[in-house]
Amino acid sequence: MAEDIKSLDALKGAVASSPAAVTATAALAEATIHREPVRDELGRAYATGKRKDAVARVWIRPGSGKVMVNGKALNDYFARPVLQMILRQAFSVAGVDGQFDVTATVKGGGLSGQAGAVKHGVSKALQLYDPSLRPALKAAGFLTRDSRVVERKKFGKRKARRSFQFSKR
């Protein structure tokens, strides 16, 4: 462990200014950190995912790949195939298709935001269940909350930025 820290310090000092070195340093630091799996007494991992105004509480456990969202099957809750694909992206990137059962409760937002929130929650729960999946999920950007939200309406404007129609006469 001490040798890893010394090599990390040597790598930082050698080429600290180049972007490739910063990425390599981050990867080395990520590799040296040993994470323990976080599971409850039932063998499940829990995480909260967020996207726009939607918040998803997600539990995963080993199983056959069954996904339940608000008490309904995935195909019933997210009828559009694009939303189902968004939710399954985390499993395909991690390479664990059909190995986990998912139970999620989602509140707020619309269907697109809810699908993104469940994907975020599933990604966080997967990396808590099995920390070796973290590099793949992090590289795909699934562990970062998408902070884009709807801009508020301003006074004197018709929408957030749209002005009222100009009339010369």
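Reader: Leaving aside its neighbours within four places in sequence, with which residues is Val122 in contact?

Author: This is a predicted model, in which local features need pLDDT of at least 70, side-chain atom pairs count only at pLDDT 80 or more, and totals for chains, interfaces and linings use all residues. Residues are numbered from 1 along each chain as its sequence is written, and side-chain values use heavy atoms, with hydrogens and water left out. Contact means heavy atoms within 4.5 Å; Val122 has such contacts with Val58, Ala90, Phe91 and Val102.

Reader: Which residues of the largest nonpolar core touch the most other members?

Author: A nonpolar core is a set of buried Ala, Val, Leu, Ile, Met, Phe, Trp, Tyr and Cys residues joined through side-chain atoms within 4.5 Å; buried means under 20% relative accessible area, exposed over 50%, partly exposed in between (1.4 Å probe, protein chains only). Among the 33 residues here, they are Ile60, Phe78, Val122, Leu126 and Leu137.

Reader: How is a pair of aromatic rings described?

Author: By the distance of the centres and the angle of the planes. Rings of Phe, Tyr and Trp (its six-membered ring) pair if their centres lie within 6.5 Å; planes under 30 degrees apart count as stacked, over 60 as edge-to-face and the rest as tilted. The whole structure holds three aromatic pairs. In one of them, Tyr46 and Trp59 are tilted, at 5.1 Å centre to centre and 45 degrees between the planes. Phe100 and Tyr129 are edge-to-face because their planes stand at 85 degrees, with centres 5.1 Å apart.

Reader: Is Phe100 buried or exposed?

Author: Phe100 counts as buried, at 8% relative accessibility, and Tyr129 is also buried, at 13%.
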